[in-house]
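Thanks for sending this one over. My notes follow as numbered points, with the side chains as their topic.

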Amino acid sequence: MYPLLKLAGKIAQSNVAELQVPYRMTYALTYRCQLTCTMCGIWKRPPSEELTLEQITDFFRSSGRLFSWINLSGGEIFIRKDLLGIMQAIDASCRNLYLLNFPTNGYETDLITETVRQITRSFRFPRVLVTVSLDGDRELHDRIRGVPGAWDRAVETYTRLRRMRSSRFDVYLGMTLQSSNVYAFDDTVKAVQERISDIRFRDFHVNIAHVSKHYYGNEEHRSVAESQSLLSQLRRIEALRDAASMNPVQFLEKRYQGLAATFLRTSRTPLPCQALAASFFMDPSGTVYPCTIYGTPIGNIRDSDYRLLQLWNSGQRPAVRQEIRAGNCPQCWTPCEAYQSILARMIPFRTRSKS
C-alpha cells in the first residue's frame, strides 16, 4: 500500500508544481532484437556498450529510491541473459516502486513466459504489466516485423501470459498504428479472436508510431502527424471501447487516445510535457535523455558515479527542461511521455490543453 500512496502523492504534487526529481524512468536495457521491423531501426544499430549488471546494480542502489514507476524497454529485453539479475537489483533497491512495466515482441515464448513467472513469484513488485506487440493479422504482422511466424509466437506468448493474470500481474496486446496498418485494427482483433474467443477491444493498447533518431533510428520515416487517416481510425477505435472504467490503465489508455486526436490535428503535444521533471529516458549505455523522442542528452550516469541526482542537478538538465517547457522540442505523443503528462493534469483547473 505504501508504494501506491507514494506514487499518488507524487502525481498529486505534479498537479500543483513542477517536480524537482523524477518518479518515472524509461530504461532501454538493450537495442538488440530478433525482429526487423519496418517502422523501427533499432535492430539496425551496431552493438552498443550496454551497462553491465554490476553497473546497473550500482545505479539502482544509489538512485532506485526515486522511482515509483519503471518502464523497461528495448530492443527486446528478454535477450539479456542477466534480466533476472536486473530484476533482483530493482527489487532490492527500489523500495518505493509501485509499477513495473515492459513490452515484448513475444518471439521467444518459452523464455518469456518462464521469466515472467519467476518475476511475479520471486520479487515483491506490487504491479507488473506486460505488453505483447501485435501490429496486424498474421500476414500483416509478419510483414511489418520482418520474420515469418512472429504473429503465431506473439499470440501464443500472450495466451500463456494471460493465464497468469492476478491482482499483481496483467498483460495486454500492444498495437502501434502506422501507415501500413492504420486500417487493420478490426482485422487484428478478429484474427486474435479466432485463437482466444473472449478477447475484447480493451485488451489492446493502441498508440501511434513516432520518429526518433536517437532511439528508434527511423528518421527516414515521415512524421506520423502527416497521416491524417490515423485521426479517423483513433476516433473509431475509441468508440469501440467499453464505457468508462475505474481501471487506471483503461483510463490512461482512453485519455491518451482522445488527446492523440489533438496531436494529430496540431502536430503539437496536447498537454505540457513532464520530461526531465517527472520522467526521463536512459539508453543501454547509461546516457540520460529527456525522453525517447528528444535527442539532447544531459549526460551519462557513468560520469556521475551512477548517481542520477548528481547528473539531474547539473547545469545541463535545467536548460534542456526549459526548452521543453517552451515547446522547443520535437513534439510527440508517445505513451512513454504522455501518461505522466496526463496524470499531471488531473485537477480540473489545470486540464486545459496547449493546443
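1. Arg45 lies over the face of Tyr31, at 4.5 Å from the ring centre. For a charge to sit over a ring, NZ of Lys or CZ of Arg must be within 6 Å of the ring centre and within 35 degrees of the ring normal. Arg24 also lies over a ring face, that of Trp69, with 4.0 Å to the ring centre. Please keep in mind that this is a predicted model, in which local features need pLDDT of at least 70 and side-chain atom pairs count only at pLDDT 80 or more, while totals for chains, interfaces and linings use all residues. Residues are numbered from 1 along each chain as its sequence is written, and side-chain values use heavy atoms, with hydrogens and water left out.

2. Tyr31 is also part of an aromatic cluster, which it forms with Tyr215, Tyr216, Phe281 and Tyr289. Aromatic pairs in the structure number 15. Rings of Phe, Tyr and Trp (its six-membered ring) pair if their centres lie within 6.5 Å; planes under 30 degrees apart count as stacked, over 60 as edge-to-face and the rest as tilted.

3. One of these pairs is Phe60 with Phe67, edge-to-face, at 6.4 Å centre to centre and with 85° between the planes. Phe60 is buried, at a relative accessible area of 0%, and Phe67 is buried with 0% as well. Here buried means under 20% relative accessible area, exposed over 50%, and partly exposed in between (1.4 Å probe, protein chains only). Phe123 and Phe125 make a tilted pair, with 5.8 Å between the centres and 45° between the planes. Both of these Phe residues, Phe123 and Phe125, are buried.

4. On to the charged pairs: the model has 21 salt bridges, each defined as a side-chain nitrogen of Lys or Arg within 4 Å of a carboxyl oxygen of Asp or Glu. Where does the pair Glu50 and Arg80 sit in the chain? Glu50 is in the loop between strand 1 (24-28) and helix 2 (53-63), and Arg80 is in the loop between strand 2 (69-73) and helix 3 (83-93), so the pair links distant parts of the chain, 30 residues apart. Helices (H or I, at least four residues) and strands (E, at least two) are DSSP runs, numbered from the N terminus. The closest N and O atoms of Glu50 and Arg80 are 3.6 Å apart, and both residues are buried.

5. Within helix 2, Asp58 and Arg61 lie three residues apart, about one turn of the helix, and their side chains meet in a salt bridge at 2.9 Å, N to O. Asp58 is partly exposed at 28% relative accessibility, whereas Arg61 is exposed at 56%.

6. Helix 4 (residues 109-122) holds Glu114 and Arg117, three residues apart and separated by about one helical turn. Their side chains form a salt bridge of 3.7 Å, N to O. Glu114 counts as partly exposed at 39% relative accessibility, and Arg117 as partly exposed at 29%.

7. Thr113 lies in helix 4 too, and is buried at 4% relative accessibility. Its side chain reaches the backbone oxygen of Thr109 at 2.9 Å, and a polar atom of that side chain lies 3.2 Å from the backbone oxygen of Asp110. Leaving aside neighbours within four places in sequence, Thr113 is in contact (heavy atoms within 4.5 Å) with Thr157, Arg160, Leu161 and Met164.

8. Lastly, a network of salt bridges links Asp110, Arg138, Asp152, Glu156, Arg160 and Arg195.

Key: Polar contact = N/O pair within 3.5 Å; in protein donor to acceptor, adjacent residues only side chain to side chain.
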